[in-house]
Amino acid sequence: MNVQSKGQIWKAIQKFKLFAMNTSAAEWEELYRTLAISDLPWESGKPSPTLVRLVESGSIRGRVLDVGCGSGTQAVWMAERGLEVTGVDISKTAIVRARELAAAHAIAVDFRVADARRLPFTDAMFDSVFDRGVFHHQERRKASYAKEIARVLKGGGTYLLLTFSPRMRWPKSVSENEIKKNFGEIFNLESVGEETHVQPDARKVTLASYLLKKYD
């Protein structure tokens with residue numbers, strides 16, 4: 001599919017029900033296969049300001065898992081700062097793009113095709129987990145997804161979630177109460193914040209950031 005205009009890009013994205021709750025693995029793959037990375041609304045080409053701050057402060061540290069890594073921007077940035085990074089995405093094409101980005105930066109990142117709901121890792125393997133936009137796609141699987149994140153994270157490890165802010169009032173917006181409901185038995189909510197993401201069409205999206213720490 002040759003997508004040219006912003007209007008065509010938006011129609012292509014809507015075709016795959018991106019803002020519905022059950023976008024499938026095949027649909028994510030077709031989005032990455034048919035659209036340029038620069039046309040995907042969640043791909044910024046820049047590290048998250050919240051992630052930058054937390055890496056620099058040492059809150060995100062050690063061995064890091066980037067869940068839903070997409071084209072690898074966040075993972076490569078972390079690896080360049082000395083973190084040992086693994087990135088997973090359900091789209092094979094996204095992982096190909098991520099590996100190309102790492103090669104272009106001459107940096108080592110372990111990129112793998114994987115389903116975030118069934119992570120191919122042993123228990124307590126990571127010191128930190130970064131999630132930019134996976135949790136809010138889980139619908140009725142949010143509680144089990146939270147347990148899977150907890151499974152691969154060490155005790156005392158940190159989980160940084162970036163998701164649609166409640167102020168956006170979108171179907172996928174995630175409130176602080178929803179975070180506590182799904183993560184509260186396993187994690188302590190350390191801090192709540194916001195950042196602004198600018199899409200390729202110049203639309204501004206407010207993202208909520210939730211930093212959680214797994215109980216020892």
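At what angle do α6 and α7 pack, and how far apart are their axes? Keep that in mind while I say one thing: this is a predicted model.

Now the answer. The angle is about 65°, and the axes are 8 Å apart. Those two values are how one describes a pair of packed helices. The crossing of α6 over α7 is right-handed. On the α6 side, the contact uses Lys142, Ala143 and Ala146. On the α7 side, it uses Glu178, Asn182 and Phe183. Sort the residues of this contact by class and you get three nonpolar, one polar and two charged.

Next, the cores. The largest nonpolar core has 28 residues. Leu65, Tyr159 and Ile179 have the most contacts inside it. Which elements give two or more residues to this core? They are β1 (63-67), β4 (126-132), α6 (142-152), β5 (153-164), α7 (176-183), β6 (187-198) and β7 (204-214). So both helices from my opening are on that list. The largest share comes from α6, with five residues. In general, nonpolar side chains in soluble globular proteins tend to be buried together.

Look at leucine 65. Set aside neighbours within four places in sequence. Leucine 65 then contacts Thr86, Val88, Leu119, Phe121, Phe126, Ser128, Val129, Phe130 and Val152. There is also another core, apart from the largest one. That one has 23 residues, including Trp77, Met78, Leu162 and Leu211.

First up, alanine 75, in helix α4 (residues 73-80). Is alanine 75 buried or exposed? Its relative accessibility is 0%, so alanine 75 counts as buried. Beyond four places in sequence, alanine 75 touches Asp66, Val85, Val109 and Phe111. Take Val109 from that set. Alanine 75 and valine 109 are 34 residues apart along the chain, yet their C-alpha atoms are separated by 7.3 Å.

Then glutamine 138. Where does glutamine 138 lie? In the loop between β4 and α6. Why call glutamine 138 buried? Because its relative accessible area is 6%, and the cut-off for buried is under 20%. Leaving out residues up to four places away in sequence, glutamine 138 touches Arg117 and Tyr145.

Notes: Residues are numbered from 1 along each chain as its sequence is written. This is a predicted model: local features need pLDDT of at least 70, side-chain atom pairs count only at pLDDT 80 or more; totals for chains, interfaces and linings use all residues. Side-chain values use heavy atoms; hydrogens and water are left out. A nonpolar core is a set of buried Ala, Val, Leu, Ile, Met, Phe, Trp, Tyr and Cys residues joined through side-chain atoms within 4.5 Å. Buried means under 20% relative accessible area, exposed over 50%, partly exposed in between (1.4 Å probe, protein chains only). Helices (H or I, at least four residues) and strands (E, at least two) are DSSP runs, numbered from the N terminus. Contact means heavy atoms within 4.5 Å. Axes are lines fitted to C-alpha atoms, for helices over the stretch in contact, and angles run from 0 to 180 degrees between N-to-C directions. A crossing is left-handed if the near helix is turned anticlockwise from the far one by less than a right angle, and right-handed if clockwise. Ala, Val, Leu, Ile, Met, Phe, Trp, Tyr, Cys and Pro count as nonpolar, Asp, Glu, Lys and Arg as charged, and the others, Gly among them, as polar.
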